[in-house]
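Q: I have a chain open here and would like to talk it through. Can we take it piece by piece?

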Amino acid sequence: MAKYRIEFERDKCIGARSCNEECPDNWEMKDDGKSDCSTKDIEEDQLECNMNAAKACPVNAIHIKNTENGEKLI
Ligand code: SF4
């Protein structure tokens, strides 16, 4: 199992693009104007980029959880 798991409330997304700007490796804008991520299961080396995306989201639609201890990072 991956060390971290992204939980994305896509219904909240307002298409602000901040996630895509912060972490283009995983966040992409889709035709419906909302973003989506390529992978929800991430490892340590992908954490910083995805945390920056989550912090930049103006509607707090992106959450990241540590799957080993259940801690919610954001
Ligand atoms: S930053 Fe948040 S609101 Fe903006 S596109 Fe990404 S998920 Fe959607």
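Q: Which residues are on the covered face of strand 1, and which on the uncovered one?
A: This is a predicted model. In strand 1, Tyr 4, Ile 6 and Phe 8 make up the covered face, while Arg 5 and Glu 7 are on the uncovered one.

Q: Strand 1 and strand 5 pair in which sense, and over how many bridges?
A: They pair in the antiparallel sense, over five bridges. Within that pairing, Arg 5 stands opposite Lys 65, and Phe 8 stands opposite Ile 62.

Q: And over how many bridges does strand 1 pair with strand 4?
A: Two, again in the antiparallel sense. Strand 4 covers residues 41-42, and Ile 42 is the bridge partner of Tyr 4.

Q: What is the strand order in that sheet?
A: The order is 4-1-5, in an open sheet of three strands with antiparallel pairing.

Q: Stepping back, how many helices and strands are in the chain?
A: Two helices and five strands. Along the sequence they follow the pattern β-α-β-β-β-α-β. The radius of gyration is 11 Å, close to the 11 Å from the globule rule for 74 residues, so the chain is as compact as a globular protein of that length.

Q: What does the C-alpha trace span along its principal axes?
A: About 35 × 20 × 15 Å.

Q: How much of the chain counts as buried?
A: 22% of the 74 residues. As for contacts with a separation of 6 or more, 58% of them are between residues 24 or more positions apart.

Q: Which residues form the largest nonpolar core?
A: There are twelve: Tyr 4, Ile 6, Phe 8, Cys 19, Cys 23, Trp 27, Ile 42, Ala 53, Ala 54, Cys 57, Ile 62 and Ile 64. Strand 1 (4-8), helix 2 (44-56) and strand 5 (62-66) are the elements that give two or more residues to this core. Strand 1 has the largest share, with three residues. Those three, Tyr 4, Ile 6 and Phe 8, are also its covered face.

Q: What is Ala 53 in contact with, leaving aside neighbours within four places in sequence?
A: Cys 19, Glu 22, Cys 23, Trp 27 and Ile 62. Of those, Cys 19, Cys 23, Trp 27 and Ile 62 also belong to the core.

Q: How far apart are the C-alpha atoms of Ala 53 and Glu 43?
A: They are separated by 15 Å, with the two residues ten apart along the chain.

Q: Now the ligand. How many residues surround it, and which are the closest?
A: 15 residues surround the ligand, and the closest are Cys 13, Ala 16, Cys 19, Ser 35 and Cys 57. The shell has ten nonpolar, three polar and two charged residues.

Q: Cys 57 was in the core list too. What does it touch, not counting residues up to four places away in sequence?
A: Cys 57 touches Ala 16, Ser 18, Cys 19 and Ile 62. Among these, Ala 16 and Cys 19 are also on the list of residues closest to the ligand, and Cys 19 and Ile 62 are core residues.

Definitions and conventions. Residues numbered from 1 in each chain as written. Predicted model: local features only at pLDDT ≥ 70, side-chain atom pairs only at ≥ 80, totals over all residues. Near = placed C-beta within 6 Å. Nonpolar A, V, L, I, M, F, W, Y, C, P; charged D, E, K, R; others polar. Helix = DSSP H or I, 4+ residues; strand = E, 2+ residues; numbered from the N terminus. Rg over C-alpha atoms; globule rule 2.2 N^0.38 Å. Buried ≥ 20, exposed ≤ 12 C-beta atoms within 10 Å, placed from the backbone. Contact = placed C-beta atoms within 7 Å. Core = buried A, V, L, I, M, F, W, Y, C linked by C-beta atoms within 7 Å. Pairing = 2+ DSSP bridges.
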